[in-house]
Amino acid sequence: MRSRVLPVLAFLGFAAGTFMPGSRVHADERSPYSVLNFSSLPDAGPDWIVTVGVGTQYGPTYEGASKTSVTVLPSDFDIRRAGEAPGWGAPDDAFSFSVFESHGFAIGPAADFRGGRSRSDERDLTGVHTVPATLDAGLFMEYWLIENQLRARAEVRQALRAGQGLVADFSADWVQPYDAFTFSIGPRLSVGNGTYMRSSFGVTERDAVRNGQVVPYDPSAGIKAYGALASLSYQFSPAWKATLYDKYERLTGDAADSPVTKRFGSLNQNTVGLSLSYSFGLKFR
């Protein structure tokens, strides 16, 4: 289950405004936000467009959980130059900015906040090691196979906390605008290395002795989940946009065979989210 923290958003949002964003929808090179001026002078439009947002999501309390919870979290933070067309990104994209773009291809750093697991999330997990929340960082690559409509994306991110491991997420999205609406849908695939799988789904001998309900389990690297995400955005005005999304994942492989999943959790992981974003102009001269 993904969540966001404001300091990370602020840093990544500033970086995203400093460099070119990782994906662009170049339907109109004129900015629809030109009305958001801070002066009545005809040449005094904003220099930058800032987008901020907040959302709520309902989904698994931790990865592999059967219990669900509601989380309120920041959902958007982006800065781009006025006159630059808004880019499109999926609700589950990590925060990223491109350092190289060419003919629909982009590559650059990516970072995200990785949720954890505590004994308070599930009383039956007493004795099983906790999984601290952490930041992860790495790279993303994406390519628009069909301009503005079909995007393929890959992210590889390493946890900044020792012992949390590395994940690689692969996605494809069909993006279809309908006037003020934008619909997207596409498959998802997630892979974890051995350290990640042992941290999130493993059971040590000490865990098994202290818990008494599970046996030791040492998962290996591999595919941990597959699924799909669908989203629907509505642009109320140049300033306001709402996005509704549903992401379903099915745990597989060693993640599905884990005692943590089989005894206390669920193979089916579904998250529903709703966010509202607001864009405004800033002028620095």
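Phe183 counts as partly exposed because its relative accessibility is 30%, where partly exposed lies between buried (under 20% relative accessible area) and exposed (over 50%), with a 1.4 Å probe and protein chains only. The model is predicted, so local features need pLDDT of at least 70 and side-chain atom pairs count only at pLDDT 80 or more, while totals for chains, interfaces and linings use all residues. Residues are numbered from 1 along each chain as its sequence is written, and side-chain values use heavy atoms, with hydrogens and water left out.

Phe183 is found in strand E9, strands being DSSP runs of E of at least two residues and helices runs of H or I of at least four, numbered from the N terminus. Overall values are as follows.

| Property of the protein | Value |
|---|---|
| Helices and strands | five helices and 12 strands |
| Buried residues | 44% of the 285 residues |
| Accessible surface (Shrake-Rupley, 1.4 Å probe) | about 14000 Å² |
| Carbon and sulfur atoms | 62% of the accessible surface |

Tyr217 is found in the loop between helix H3 (205-211) and strand E10 (222-235). Leaving aside neighbours within four places in sequence, Tyr217 is in contact (heavy atoms within 4.5 Å) with Phe201, Gly202, Val203, Asp254, Asp257, Ser258 and Pro259. For Phe201, 16 residues away along the chain, the C-alpha separation from Tyr217 is 8.2 Å, whereas a polar atom of the Tyr217 side chain lies 2.8 Å from the backbone oxygen of Asp254.

Notes
A polar contact is a pair of N or O atoms within 3.5 Å; within protein, one must be able to donate a hydrogen and the other to accept it, and residues adjacent in sequence count only if both atoms are side-chain atoms.
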